[in-house]
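Please load the model in a viewer and keep a selection panel at hand. The stops below are meant to be visited in the order given.

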Amino acid sequence: MWSRIKPKKIYLNIFMYSCIAVSLLTLVFTLVLSQQLVRTAMDEMNKANQEKMKQVIQTSEFTLQKLRQFVLRVYSEENISTWLNMGKANYSPLALNKAAISVREFKSSEPFIETIYLINFDLDQIYTSDSSIYSTQEFYDQAMLTYIKGQQTPYLQYVNHEVNGKSHLALVAPAAGPNQKFQGFVAILFSKPLLNEHMLQIAEEDQNKIYIQGKNQEFILGNTDAELAAQLATLAPAGGRQGWKWTSGKETWSIQTELLPIEGWSIYHLSPISLWQAKVTNIRFEIIGSSVALLLTLLLFLFWQSYRSLKPLSDLAHQIESKLGSEHPMLQSTNAGNEMTVIRTGFHSLVEKLEQLDLSIKSSKALVKDDYLRQWILNSKTSKPIKEFIQSQTPILRTGCFRMAIVRLESYGRFEEQYDFASRKLLRYSIGNIMSEVLANCGYHAETVDFGSDHVVALFSSHAAENDQDQAVAALEDARAQIRRWIKLEVHAAVSTVLDLEENLPVIYHQLYELTLLSFIDAEDKVYTSEDQERYERGKDNDLDEALLKQVIHSVQLKNEKALEGYFDQLTLHMQELSYEECKLQLTHIIYSIMKNFKSQTTFHGMKSIHTFLEQFATLGEVKAWMYRELLHIIERQRKKNASGRKEEVAAEMIDYVRNHLHNPMLSVDDIAAHVSISVNYARQIFKDHFQCSLSDFITNQRIEHAIRLLTTTDWTVAEITEQSGFQTKSTFFSTFKKATGMTPSQYRLEYSAKQP
């Protein structure tokens, strides 16, 4: 039954299943989201109300207690107390003046105060904070006098007090018990609107209600209307229930109730449920409407996408089926009517042929080209085969001249911590591709070489005249911008003058690399040229003890903190006798050397220029203390980097470095250990543990393998192969080769040639 209904075409079949899946998922998602929204909304409402009630309780207790203490401070203040206890016999107008000054100061210090009364019954005088003096008979607030004369509470208690039609919260000090007689009182009236706003945190636009009810069910504070307050007064006292509902008229309220322990007041927090329900209902309808609209849009999109993308597959299946013929075994199978099976079978043989073709096309040309370019850059003498290869197989020398450029990664220490060895290699490969593409867009023929550390070298064609230097600088600026855009890495660049084939490229290469490090000193965001070389030379100070500086760096590499402390003190001891400029210059050179050796900028937090950075310190001692701390941080980072979990990565990086510098006859274990920033002994140990052979033997074996490849794939002379394989002398090459293979290089080549068909 289902097989009859199911469409045969791929695009209709996939569209039908997609419609069913999307419709069911959308329906379930909408229902679950709506229910979850309702539950979450109610839970959030109750939680928000509870949190609000807790805040109100805490704020109220704190504020009311603070105001009590404030009243006692006012009453006990020396000038006020003197006037309150003054009788007619010792009356002094000056005392009243002092008390008035104190009253004004107290009122200005507490925003909740509306009015302060100082009452002295013996003097028959009442002083108010608006600087008015009344007799007890003339005083406009007789209700307050009546309350003071009739109060029976032995403690400070807040009372509702109305003056001139305006309600206040009042406190009177001292409290008068049954057997206590006082002649002077302080009465303070507090503003209820301010208490509502700051103590109860009531805003005008707030639709929630907060109501404080007194012991006698009287209205104390809040933003409820008179009718709602009257209805609340008939409810049970607060503290019995939490989170209960109450209906008043057409509105249903969610109520939280609490007691203020000290005052004995009841606090009600009312939140209108209808407001939440209306919002939830609106959101629910919006979710349903959006889901329906989304479903229709998805169905239309699925049909269009299926028709546009998959209908050609149906046509292709028909064509493949016709090409295969009716006798093909696939047509006799049970899945003969399945279009995807037809396509899969038809392309299976094509994929196999493509893989075979791809493998046959791939050769060692790319690897050979990279190796030749690397040797050309690093060797002062370029062999004839390399020159011929570069001239014939690369476009660099089409104009007769070329330039060299170096792009160096910023903060290589952070880069190594963030990415593993394989990722770093892939990112450098991406940098090289971006540089090649940008230079090609600017009209240059370019080749890039990865040196396996923090930089990539580009060699690109140029004209004999140097009038295109601005264009070359602009091209490298564009390359830096594209690298930032696509792989999110910050790089620095330097470009050489116009060069020819006879130039001493190792010197140029090292000079350009040094130029890229100038960014650590002057923080300029630019492409450096030979014109900046003079500034680099001026940054070196011959008076600095370079031997001690090397010992400091070596101590950091060995992670020897005790030796570092001694060498660092000796290195900086003489600086106290230098002038400010000389001292600053030597400090700059020390920091520069540390950055150069450890390729890390993390200690400088963005690296402003070193000169500007040093200006942050007030004394030489502060600078020395900072530098010593940073050297200890570098040691700690080196320890983390050399942890056992990274041994495999360090070993792989050592192998990569050996293969990239195999042609260098001066390659040593010291160079390899310095490249991966570990000690020589530790480098030997890691390599021995992972590859069961010594690092020196591995270098020798790699050189022999490279020599064998050259003997069997090129017609180079033995002398040329000796040089390109990194052997210092021809005799050393002969003895080492014969020991490894049992034959001389010439004998090996003859025997290999005889075996070839």
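This is a predicted model: local features need pLDDT of at least 70, side-chain atom pairs count only at pLDDT 80 or more; totals for chains, interfaces and linings use all residues.

Residues are numbered from 1 along each chain as its sequence is written, and side-chain values use heavy atoms, with hydrogens and water left out.

**The open sheet**

Select the strands β3, β2, β1, β6, β5 and β4, which in that order form an open sheet of 6 strands with antiparallel pairing. Helices (H or I, at least four residues) and strands (E, at least two) are DSSP runs numbered from the N terminus, and two strands pair if DSSP finds at least two bridges between them. Because β3 (132-134) and β4 (159-163) each have a single partner strand, they stand at the edges, with one side of each left without a neighbour in the sheet. From one strand to the next, the twist averages 30 degrees. Axes here are lines fitted to C-alpha atoms, for helices over the stretch in contact, and angles run from 0 to 180 degrees between N-to-C directions.

Next, display β4 with β5 (residues 166-173): the two run antiparallel and are joined by 5 bridges. Within this pair, H161 stands opposite H168 in β5.

**An aromatic pair**

Select Y117 and Y140, whose rings form an edge-to-face pair at 6.2 Å centre to centre, with 85 degrees between the planes. Rings of Phe, Tyr and Trp (its six-membered ring) pair if their centres lie within 6.5 Å; planes under 30 degrees apart count as stacked, over 60 as edge-to-face and the rest as tilted. Y117 lies in strand β1 and Y140 in the loop between β3 and α5, so the pair ties together parts 23 residues apart in sequence. Y117 is buried at a relative accessible area of 0%, whereas Y140 is partly exposed at 34%. Buried means under 20% relative accessible area, exposed over 50%, and partly exposed in between (1.4 Å probe, protein chains only).

**Backbone sites**

Most residues other than glycine have a negative phi, and most peptide bonds are trans. Select N164, in the loop between β4 and β5: its phi is positive, near 55 degrees, and the residue is exposed at 71%. In the loop between β5 and β6 is P174, joined to A173 by a cis peptide bond with omega of about 0 degrees.

**Strand β11**

Move to β11 (residues 265-272), where 8 of 8 residues are buried. W265, I267, H269 and S271 point one way, and S266, Y268, L270 and P272 the other. Strand β7 (residues 209-213) pairs with β11 in the antiparallel sense over 5 bridges, and K209 has L270 as its bridge partner. Strand β10 (residues 251-260) is joined to β11 by 8 bridges, also antiparallel, with W253 opposite P272.

**Cysteines**

Finally, select C19, buried at 16% relative accessibility, and C401, buried at 14%. A search of the whole structure finds 0 disulfides, a disulfide being a pair of cysteine sulfur atoms within 2.5 Å.
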